[in-house]
Each structure stands twice: as structure tokens, then as C-alpha cells.
Amino acid sequence: MNSTVAIGAFELGGIFALLALGCYISFNVLDIPDLTVDGSFTTGCAVSVIVTTANYPGLGLVLAFVAGCLAGLMTGLLMTKLKINEILSGILTQTALYSVNLRIMHQTPNISLMDQKTVFTGFKGFDPFDKLIVIYAIVIIVVILMNYFLKTQMGLALRACGDNEDMVRASSIDTDKMKLIGLALANGLVGLSGAIYTQQQGYADITSGIGMMVIGLASIIIGQTFIRSTKIIWTLVAAVVGAIIYRFILTIAIMAGVPSGDLNMLSAAIVIVAIAVPILKRRKKHA
């Protein structure tokens, strides 16, 4: 593996780390199987590419985060106000987002950012580490802010809502509000991940979000396999480390000749193995 390939893997690992941190909030903190992710990632891509082509790449990241929050909020409203099943709520929002994303992209399935200024342009002097610097600066800031937020009163209520919703409701905390905040924040981070992905890759495609939920889950599970601490900061670091390891696994697979069309199947296999191995070990230990 040459340095260019390794740098590319680190770049995508950092981008997927933001995706994993979003999934961490919905799956680990709230304990909600949010299937909005594939749609909100593409929403981030779509918003980012349109705003970037208007020469506002930084604003593209901000608006992509906001758009992701709105997507998560929609899923949350379906769950809390209409009492629709959690999984079905995510599927409905994801399905609707396909049309929304196409409209954002002016009914064009893919848009190029060739010769456009991006958030990485100002760091060209640090080439080939320009993208790494920007991506990991954002990842570090997000991890620090999430660590702080999850220790605040609202963050503790959010975590408690995922651990024991009935107890939280008995404490006069509005669990529906907690879910709305958590899902909005989770999908906001996913949208931000999609926005950076678009500017790093140089294009946006309407199918960019396919399989992103699996990538997020794989990153979390892999990271927690290596970092087993229950402290908030270390669980967040685990998600980041897992995303990087996951991307290197895929990079090695591509170099070994695995067709790109089989990568989603490989991603699913990684998640299955990561979940199954600890269970099999426990069974063997108690046998």
C-alpha cells in the first residue's frame, strides 16, 4: 500500500468517522434503529454540491448539517407524534428524501465540482495532507463538542432516555423531545459527513448514501471491539478509530481484487462477524 492510497484511506476514514458519530447517537445513545441515514447522507451531499458550486463551500457544510437535522427531525416527528414504528419511520423519511435530494440537485443524478473551490482549497500548501488536516480538525472539534454535550443536563437526559425511557418519563422529562433532539443531531452529523465526502470526492451522486448505515454500524462495532471503555470520550474515540480501521479493511480488499460492487456485501459481512464473534465467545465460555 503506497502513501497515496494510505492517505486516501485516512481521509475517507475521517469522513466516515462523522457518519459513525451520528449513528452512535441514534443507535448507542437513544437505542433507536434509525434508517434515515442513507437518505440524510445523500441530502448532505446534495446541499453541499449546490452551495459549493455557488462558491460558498464553507456554508455548504453548515447548511448540509442543518438539512440533515431536518431529516432526522422528520423521522422523529413520525415516531413521536404519529406513533409510527421506529424502523418504518426511518424507511418513510429515507424514501421521501430520494425525491427531495433530486429536487435539491435540480433533477440531476450527479453533479461535478471540477475546478470549483472547496473547503480544502485554502490548504493546498500542505498538499498531500491538506484534506487530512481539514477533515480531522472537524472530527476532533465534533468529538470534543459531543463529549461536552453528552455530559450536560440535556445530554444526560438523552442518554437516560435510551437506557430506560419509562424511568425518564416518570422523572417528568419529555422523552419525545429528547428523541427529536437526538435524531436531529445524529442526522445532522451524517449530513455533515456527506457534505465533506462530496467536496473530498469532487462530485455528488444521488446514490452516494447507499449502504451508509451499515458503514456507520460497522465502524462503531469495530471500534468498540478494540476500545472497550465505557467512558463517553473513549466510546466516541472508538467510533472514530473503528471508521478508520473499516476504511483500511475495504482499501485492502480493493487492492486484493475484490470488485467494487461487492463492497456493500463485504460491509454487511464485517458487521455480522463483529456482532457474532463476541456472542460465540460468551457461549463457548459458558458451555
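Me: Is Lys83 buried or exposed?

Reply: The model before us is predicted, and burial in it is judged from relative accessibility, with exposed meaning over 50%. Lys83 counts as exposed because its relative accessibility is 60%. Lys83 sits in the loop between H3 and helix H4 (86-104).

Me: What is the phi of Lys83?

Reply: The general idea comes first. Most residues other than glycine have a negative phi. In this structure, Lys83 has a phi near 55°, a positive value in a residue that is not glycine. Asn55 is likewise not a glycine, and its phi is positive at about 70°.

Me: Where is Asn55 found, and how is its accessibility to be read?

Reply: Asn55 belongs to the loop between H2 and helix H3 (57-80). A residue between the limits for buried and exposed, 20% and 50%, is called partly exposed. Asn55 is therefore partly exposed, as its relative accessible area is 46%.

Me: Why is the radius of gyration said to agree with that of a compact globule?

Reply: A compact globule of 287 residues would have a radius of gyration near 19 Å, and the protein has 19 Å, so the two agree. Along the principal axes, the C-alpha trace spans about 55 × 45 × 35 Å. Of the 287 residues, 51% count as buried.

Me: What share of the contacts joins residues 24 or more positions apart?

Reply: Here one asks how far apart in sequence the touching residues are. Among contacts with a separation of 6 or more, 78% are between residues 24 or more positions apart.

Me: What does the accessible surface of the protein come to, and how many charged side chains are positive and negative?

Reply: The surface is read by its area and by the atoms that make it up. The accessible surface is about 13,800 Å², and carbon and sulfur atoms hold 66% of it. As for charge, there are 19 positive and 15 negative side chains, with the centres of the two sets 8 Å apart.

Me: Which residues are in contact with Ser48, apart from its neighbours within four places in sequence?

Reply: Ser48 is part of helix H2 (residues 37-53). Ser48 counts as buried because its relative accessibility is 0%. Beyond those neighbours, Ser48 is in contact with Gly60, Ala195, Thr198 and Gln199. The side chains of Ser48 and Gln199 are also joined by a polar contact of 3.2 Å.

Me: Where are Phe27 and Cys23 found, and what do they touch?

Reply: Phe27 is in helix H1 (residues 3-29), and Cys23 is in helix H1 as well. Buried means under 20% relative accessible area. Phe27, at 17%, therefore counts as buried, and Cys23 counts as buried at 0%. Setting aside residues up to four places away in sequence, Phe27 touches Ile32, Pro33, Asp34, Met213 and Leu217. With its neighbours within four places left out, Cys23 is in contact with Asn28, Val37, Gly216 and Ile220.

Me: How far apart are Leu236 and Ile220 in sequence and in space?

Reply: Separation along the chain and distance in space are read as a pair. Leu236 and Ile220 are 16 residues apart in sequence, and their C-alpha atoms are 8.8 Å apart in space. Leu236 lies in helix H10 (residues 232-255). Leu236 is buried, as its relative accessible area is 0%. Not counting residues up to four places away in sequence, Leu236 touches Leu21, Tyr24, Val143, Met146 and Asn147.

Technical notes:
Residues numbered from 1 in each chain as written. Predicted model: local features only at pLDDT ≥ 70, side-chain atom pairs only at ≥ 80, totals over all residues. Heavy atoms only, no water. Helix = DSSP H or I, 4+ residues; strand = E, 2+ residues; numbered from the N terminus. Buried < 20%, exposed > 50% of the residue type's maximum accessible area, 1.4 Å probe, protein only. Polar contact = N/O pair within 3.5 Å; in protein donor to acceptor, adjacent residues only side chain to side chain. Contact = heavy atoms within 4.5 Å. Rg over C-alpha atoms; globule rule 2.2 N^0.38 Å. Areas by Shrake-Rupley, 256 points an atom, 1.4 Å probe, with all protein chains shown as cover. Lys, Arg positive; Asp, Glu negative; His and termini not counted. Charge placed at Lys NZ, Arg CZ, Asp CG, Glu CD.
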